[in-house]
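Visitor: Please take one part of this model and go through it closely, residue by residue where that helps. Then set it beside the other parts that can be described in the same terms.

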Amino acid sequence: MAKETLTITDNRTGKTYEVPVTEDTIKALDLKQIHVEEGDFGLMTYDPAFMNTASCRSAITYIDGDKGILRYRGYPVDQLAEKATYLECAYLLINGELPTQSQLDKYTSDVTHHTFVHENVRTFIDGFRYDAHPMGMLVATVSALSTFYPEAKHVLDHDIRRQQMVRLIAKMPTLAAWSFRHSMGMPFVYPSNEVSYTENFLQMMKRIAEPKFEVHPEIVKALDVLFILHADHEQNCSTNVMRSIGSSRADPYVAVAGAAAALYGPLHGGANEAVLRMLREIGSVSNIPAFVKEVKSGVGARLMGFGHRVYKNYDPRAKVIKRLADQVFDLVGKKSPLLPVALELERIALTDDYFVSRKLYPNVDFYSGLIYEALQIPADMFPVLFAIPRTSGWLAQWEEMLLDKDQKIARPRQIYTGYEEREFINMDKRSPASAQPATTSKRETD
Ligand code: CMC
């Protein structure tokens with residue numbers, strides 16, 4: 001039987017090493033024994049952006065990028081989208097199993113009874129400028145919650161930890177909706193215990209003076225499906241931030257704020273907002289060839305909503321979303337004028353060699369913005385709508401990291417490329433800095 005090891009010959013010294021291979025992985029620390037001279041730091045791997053480095057072992061979400069598979073705790077995401085609710089998925093991600101009816105009832109009740117926020121949070125949000133981006137408000141406000149729950153710092157205490165997890169999942173829609181209401185100059189709507197998690201969010205966003213505000217159940221279901229599709233995505237940029245901040249044992253409010261900040265970027269969760277702005281900028285089908293030419297030149301904009309670090313075949317979430325978009329357009333009775341632009345862009349990108357050869361397919365963000373637009377939600381709320389459901393994924397990953405005996409404070413190494421030690425230069429002897437090529441390459445060893 002073949003040995004589960006890797007044999008490495010260091011041609012600098014002629015020495016051979018054998019390191020164990022487990023789960024198709026070698027431990028980076030096993031390379032440290034490879035060195036040229038006694039006392040050397042030893043061999044490292046260089047992997048900016050974690051292109052081929054597993055930073056953890058995880059039992060939460062499985063992705064096969066080549067086959068277009070996404071599963072939460074083993075369940076295919078399209079089955080969950082069809083048969084479960086978002087809160088059921090949140091429970092699944094965090095607890096590892098689908099809830100029984102009584103477990104779900106209790107969980108729903110717990111979350112529902114934590115949707116209110118301290119009144120000071122109102123005044124905190126009121127302090128933002130009228131035109132503040134709702135994502136900026138969300139990031140700041142969720143971080144501020146840390147000051148309301150000082151016990152949250154006891155992250156290794158199971159009960160305290162779980163209580164903050166319920167609070168965060170419960171309060172994110174309230175903070176999100178209030179950020180929106182503030183940016184619209186509209187009064188805040190308080191949470192309701194009478195309706196579902198997702199309907200409650202829509203009510204807090206949309207209600208004006210109606211004595212009984214109702215949202216079409218299929219619209220609620222559509223948003224709930226979007227929440228399910230966005231709930232987790234294994235070690236993406238924001239989850240990596242959540243784990244990294246959490247690894248220092250910071251409380252989950254500030255860790256979620258950091259993760260949400262990472263999500264805000266246009267290459268990650270901010271892409272849905274960027275897609276809509278791109279489609280608006282293109283404006284009509286006749287302008288597409290010029291836009292695509294610019295994208296292909298590599299100096300202009302990227303085709304937002306296309307490409308993925310992991311999916312190199314198709315994004316299974318995009319498939320569900322495309323179907324959902326048609327349903328929502330039928331329900332609201334109008335198609336977005338940007339839809340023909342999106343469809344034509346997709347057609348070109350799926351046949352043009354530039355995109356095909358780079359395996360650039362539509363991702364989750366390509367169509368989600370058009371659905372939000374049909375629901376009359378403004379573009380700067382799109383990343384906020386991503387952050388609400390991703391909170392359950394962040395928290396599941398955070399707790400898994402805290403309980404993982406292999407994990408320690410996240411602290412990568414670097415290859416130092418700066419100056420060797422040099423003497424301090426007094427002010428009167430300095431000349432304008434001129435770029436000096438780095439002459440050394442040295443390991444940092446603290
Ligand atoms: N439009 C045009 N060219 C692209 C695009 C794009 N959207 N994405 C990648 N490329 C090109 C890129 O220029 C590079 O070409 P070359 O080999 O000639 O230099 C090649 O494809 C590989 O790209 P990369 O940047 O090395 O790939 P990556 O894995 O680092 O980036 C990505 C992944 C998602 C950041 C990137 O595809 C992208 O910027 N997409 C647009 C933004 C977007 O839609 N983001 C949402 C991602 S899904 C949801 C989420 O994560 O939140």
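Guide: The account starts with one loop and its surroundings, then turns to a helix, the ligand and some other charged pairs. This is a predicted model, in which local features need pLDDT of at least 70, side-chain atom pairs count only at pLDDT 80 or more, and totals for chains, interfaces and linings use all residues. Residues are numbered from 1 along each chain as its sequence is written, and side-chain values use heavy atoms, with hydrogens and water left out.

The loop lies between helix H5 (134-148) and helix H6 (158-184); helices here are DSSP runs (H or I, at least four residues), numbered from the N terminus. Tyr149 lies in this loop. With a relative accessible area of 13%, Tyr149 is buried; buried means under 20%, exposed over 50%, and partly exposed in between, using a 1.4 Å probe and protein chains only. Leaving aside neighbours within four places in sequence, Tyr149 is in contact with Gln164, Arg167, Lys171 and Tyr253, where contact means heavy atoms within 4.5 Å. Asp251 is 102 residues from Tyr149 in sequence, while their C-alpha atoms are 9.4 Å apart.

The side chains of Glu151 and Arg167 meet in a salt bridge, 3.0 Å from N to O. Glu151 is in the loop and Arg167 in helix H6, 16 residues apart, and the pair links distant parts of the chain. A salt bridge is a side-chain nitrogen of Lys or Arg within 4 Å of a carboxyl oxygen of Asp or Glu. Glu151 is partly exposed at 27% relative accessible area, whereas Arg167 counts as buried at 11%.

Pro252 is found in helix H10 (residues 252-264) and is buried, with a relative accessible area of 1%. Not counting residues up to four places away in sequence, Pro252 touches Ala152, Val155, Gln164, Leu168, Met242, Leu395 and Trp398. Its C-alpha atom is 7.8 Å from that of Ser146, 106 residues away along the chain.

Helix H16 (residues 364-374) is next. Of its 11 residues, 10 are buried, so H16 is largely enclosed by the rest of the structure. Among the buried residues are Phe366, Tyr367, Leu370, Ile371 and Tyr372. The cover over them includes helix H8 (217-229), helix H11 (271-282), helix H13 (316-332), helix H14 (339-351) and helix H17 (382-403). After H16 comes Gln376, whose phi is positive, near 60°.

The ligand is surrounded by 21 residues, of which His268, Arg302, Leu303, Gly305 and Arg309 are the closest; a residue is near a molecule if one of its heavy atoms lies within 4 Å of it. An oxygen atom of the ligand is 2.7 Å from an N or O atom in the side chain of Arg309, and a ligand nitrogen is 2.9 Å from a polar backbone atom of Phe306. A polar contact is a pair of N or O atoms within 3.5 Å; within protein, one must be able to donate a hydrogen and the other to accept it, and residues adjacent in sequence count only if both atoms are side-chain atoms.

Back to charged pairs: side chains of opposite charge can pair when their charged atoms come close. A search of the whole structure finds 18 salt bridges. One of them joins Lys106 to Asp110 at 2.8 Å, N to O. Both residues lie in helix H3 (residues 101-112), 4 residues apart, about one turn of the helix. Lys106 is exposed at 54% relative accessible area, and Asp110 is partly exposed at 25%. Lys67 forms another with Asp64, the closest N and O atoms being 3.7 Å apart. Here Lys67 counts as exposed at 56% relative accessibility, and Asp64 as buried at 15%. Arg161, Arg162 and Glu399 are linked in a network of salt bridges.

Note on methods:
Helices (H or I, at least four residues) and strands (E, at least two) are DSSP runs, numbered from the N terminus.
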